[in-house]
Amino acid sequence: MAFNDCEFIFRRRHPRHQANRAVWERCRAAYAGGADYIRRALIRHVSELELEYAERLERAYYFNYPRKIARLITQYATAVEPQRENADPELVEDFSRTGLRVNEVMRQFSTLLNVFGAAALAVEMPFFDGEVDQERKQRERLRPAVRAVSPLAVADWAWGEDGRLSWILFEEEDSLDAGPFLPSVQVRRRRLWTREEFCLFEKDQVSGIPVLVSRVRHALGVVPALLQFEPDGFGLDSRHYFEDVVRISDAILNNESEAQMNVIKQMFGLLVISDSFARSTRLPPEDPGAGRQFSQLLARSAALYETPEERGISRYISPTGVETSAIRAENQQLKKELFEVVGLALQPELQQRQTAESKAWDQHQVRQFLSCRADLLEQAELSAWELMRKFDPAVPLPRVVYNREFSVIDLANSVSSLLQLRELDGGPEYQREIARTAVFFLEKLKKIDPDRRLRILQEIEEAARA
């Protein structure tokens, strides 16, 4: 493969990335929250004075519902630690080679999917020269690692005829550190992975001209990355639902800002003066330097004035409080609809006993919603382990199983049913599955250490073979 135009590598964008980049950046900003996002999302009224808007902007606060929703889905889906039989303990504890456990990397991946509707897992291996024995491998930590990547950092990609990635192009900004006594230098990079090689492009720090920094061939035969899109979002050529979450959240932010300013106006009020007083304070046209100055700006924060027929009585007026309660009632409804739309309305609207049919349907809805997420995470993690094994055949391929039981269970009835199922005449595999299910229920009573849990499952396998 020849690289005659490195500049083109920095220009290219996948059409899907190009079409969704603005929305993805808005979703990222909404998830981040803080003052920067308030300045971006708070809307100024057409008739609002600059000073008035500046005050409202300074007072505004943000209920970060987008972050809560994105993290809540991940927390529910990964509440029970996945089973990883035959997994390398060192890799489980440091999946990213930077100290992140496999659970933490997969939580990042899940949250990226929730926010953007797309995410990537990049599998990497340190480059090295010479022979590698076990001692050097441990000393230099020469092993594969996995990191979760935002779709904003995936500039372009292509699929092969076999349905797998043909190549993928990552973009990043990095800091080159020359030591504690020299300033760091920011650099823009693009990393190209194909099925045969890896190429690193970088913009020259002086001229800004893109150059090929490194080019290394590998024998993987695949692109060491997984690019995942929500199957019921982009998979159906549709936008991701999180864009609507952000827009509803923005409406709540703006409504709450209005309610807050109404409270301020109730405390301070708006001055109303007589029209005759206002006329007496205006500057005569022939003498602009004489008389007293008076504001004639008409706005929520400036004085209003009346005609003499209105008795010329100066006074303060303010909102009654009804407007504030109406706004906040609207926000409560928006919040309810927000969580209902994304499938997280787990609590009944009224504190009343639900019918058995209603409760079963609510649990079924939540269970199916989270089961789909668990299935997607399970397949993604398994693919990551397979790609790690491509780099290092010594890495064992674990059996990865994510929890798919998310309903609130009646433990006593469940155990009773399990004991009845045990009486049925089934083969060894059937009995093993009954025992594994019993371990799952046991964890509902008491958290089991992962090593001890693995030993229990091994004992189940051995007992069934005996």
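Me: Where is Asp237 found?

Reply: In this predicted model, Asp237 sits in the loop between β9 (225–229) and α9 (242–268).

Me: Is Asp237 buried or exposed?

Reply: A residue counts as exposed when its relative accessible area is over 50%. Asp237 has a relative accessible area of 73%, so it is exposed. In sequence, Asp237 and Arg16 are 221 residues apart, yet their C-alpha atoms are 10.0 Å apart in space.

Me: Which loop holds Asp232, and is Asp232 buried or exposed?

Reply: Asp232 also has its place in the loop between β9 and α9. Its relative accessibility is 59%, and Asp232 therefore counts as exposed.

Me: What does the protein chain contain in terms of helices and strands?

Reply: The secondary structure of the protein chain amounts to 15 helices and 13 strands. The chain has 466 residues, and buried residues make up 40% of them. Among contacts between residues at least 6 apart in sequence, 66% join residues at least 24 apart.

Me: How is the packing of two helices described, and at what angle do α2 and α5 pack?

Reply: Two packed helices are described by the angle between their axes and the distance between the axes. Helix α2 (residues 15–32) packs with helix α5 (residues 65–77) at an angle of about 95°, and their axes are 7 Å apart. This makes α2 roughly perpendicular to α5. On the α2 side, the contact is made by Ala30, Tyr31 and Ala32, and on the α5 side by Pro66, Arg67, Ala70 and Arg71. The residues of this contact of α2 with α5 comprise five nonpolar, no polar and two charged.

Me: How do the axes of α2 and α7 cross?

Reply: The axes of α2 and helix α7 (residues 102–116) cross at roughly 120° and come within 9 Å. The two helices, α2 and α7, are therefore oblique to each other. Trp24, Cys27, Arg28 and Tyr31 of α2 make the contact with Thr111, Val115 and Phe116 of α7. The residues of the contact of α2 with α7 divide into five nonpolar, one polar and one charged.

Me: What is a nonpolar core, and which residues have the most contacts inside the largest one?

Reply: In soluble globular proteins, nonpolar side chains tend to be buried together. Here the largest nonpolar core has 76 residues, and Phe109, Leu121, Ile168, Phe170 and Trp385 are those with the most contacts inside it. Beyond its neighbours within four places in sequence, Ile168 is in contact with Val154, Asp156, Trp157, Arg191, Leu192, Trp193, Val223 and Ala225. There is also a second, separate core of nine residues, including Ile9, Phe10, Trp167 and Cys199.

Me: Which value of phi does Asn86 have, and what is phi for Arg97?

Reply: Asn86 is not a glycine, and its phi is positive, near 70°. Asn86 is found in the loop between β1 and α6 (89–93). Arg97 is likewise not a glycine, and its phi is positive at about 65°. Arg97 belongs to the loop between α6 and α7. Its relative accessible area is 28%, so Arg97 is partly exposed.

Technical notes. Residues numbered from 1 in each chain as written. Predicted model: local features only at pLDDT ≥ 70, side-chain atom pairs only at ≥ 80, totals over all residues. Heavy atoms only, no water. Axes fitted to C-alpha atoms, helices over the stretch in contact; angles between N-to-C directions. Helix = DSSP H or I, 4+ residues; strand = E, 2+ residues; numbered from the N terminus. Parallel < 35°, antiparallel > 145°, perpendicular 65-115°, else oblique. Contact = heavy atoms within 4.5 Å. Nonpolar A, V, L, I, M, F, W, Y, C, P; charged D, E, K, R; others polar. Core = buried A, V, L, I, M, F, W, Y, C linked by side-chain atoms within 4.5 Å. Buried < 20%, exposed > 50% of the residue type's maximum accessible area, 1.4 Å probe, protein only.
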